Amino acid sequence: MKILTLVKCVPESTTAIKVKTDGSGIETAGVKFVMNPFCEFAVEASLQFKEKNAGASAEITALTVGPAAHADVLRTAFAMGVDHAIHVCDDALNGIDELATARVIAAAIKDGGFEVIIAGKHAIDYDSGQVGPALAESLGWPHVGAVIAIEWAADFKSCTVRRRIEGAEEVVTVKLPALLTVDKGLCEPRYPSLPGLMKAKKRPIDTKNLAALGLSPADFSKEAVGTWMGEFSPPPPRPPGRKLTGEPADMAKELVRILREEVKAI
């Protein structure tokens, strides 16, 4: 079975994000980039399938779309245990939206013979959760999202998954090929070993540009795609706090007035 795992490079969650003065993006200097945590779940789920189902002869490929520096996330995937890596890298893809990203991935894997795609439910940077469903639509595959448990059929032609819905869990059986987006709780990602990290530096990465995919920059111009990253801006600063003084009864009345008339919370 050929499994594709999508991975994305994102700023570490504890990083203080600063917006560029021209609003064109975030300042990357000094920012530590890591594998998206939900992508870690996807990689781990793929590895566990391979380890627990030797009869499936699983082969795992990790894929990312992004600039050259984002190849590091594929090195991390190698260190965790994946077999192959694909990096789609082209300057014309800077700033594209999730639907365009899905089109690029679909073109990159059209001859790959993959039977399952496992991706994170969403990325912690833009938090859209659209790439997985959009890719499934591009491929004409069924998609199940927010998966927290997977049970594979004995013939590996289908799987039954549990997914989170509001107030409950839903059980879905899906035939392969299929795309699953996974949620927290499915598994606990392993830490890449030091020997694995060292070996990963020498592993070959299949780097593709748009020309190699039979696409052109014109296919991803602002006129050709649905949406585009326009301008970034930081959230407005919080107003300073206010301190009430006086008798408790008077402060209580003033607090109620502020909440009702100024804040309009009651």
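Phe156 is buried (under 20% relative accessible area, with over 50% counted as exposed and values in between as partly exposed, for a 1.4 Å probe and protein chains only), its relative accessible area being 18%. The structure is a predicted model, in which local features need pLDDT of at least 70, side-chain atom pairs count only at pLDDT 80 or more, and totals for chains, interfaces and linings use all residues. Residues are numbered from 1 along each chain as its sequence is written, and side-chain values use heavy atoms, with hydrogens and water left out.

Phe156 has a positive phi of about 60° although it is not a glycine, and is placed in the loop between E7 and strand E8 (158-165). Strands (E, at least two residues) and helices (H or I, at least four) are DSSP runs numbered from the N terminus. A positive phi, near 55°, also occurs at Ala146, again a residue other than glycine. Ala146 belongs to strand E7 (residues 143-152) and counts as buried, at 11% relative accessibility.

A cis peptide bond joins Leu176 to Pro177, with omega near 5°. Pro177 is found in the loop between strand E9 (168-175) and strand E10 (178-182).

The lining of the second largest pocket divides into 11 nonpolar, 2 polar and 5 charged residues; Ala, Val, Leu, Ile, Met, Phe, Trp, Tyr, Cys and Pro count as nonpolar, Asp, Glu, Lys and Arg as charged, and the others, Gly among them, as polar. A pocket is an open set of points on a 1 Å grid over the protein atoms alone, where a 1.4 Å probe fits, with protein on both sides within 12 Å along at least five of seven lines, and lining residues have an atom within 4 Å of a point.
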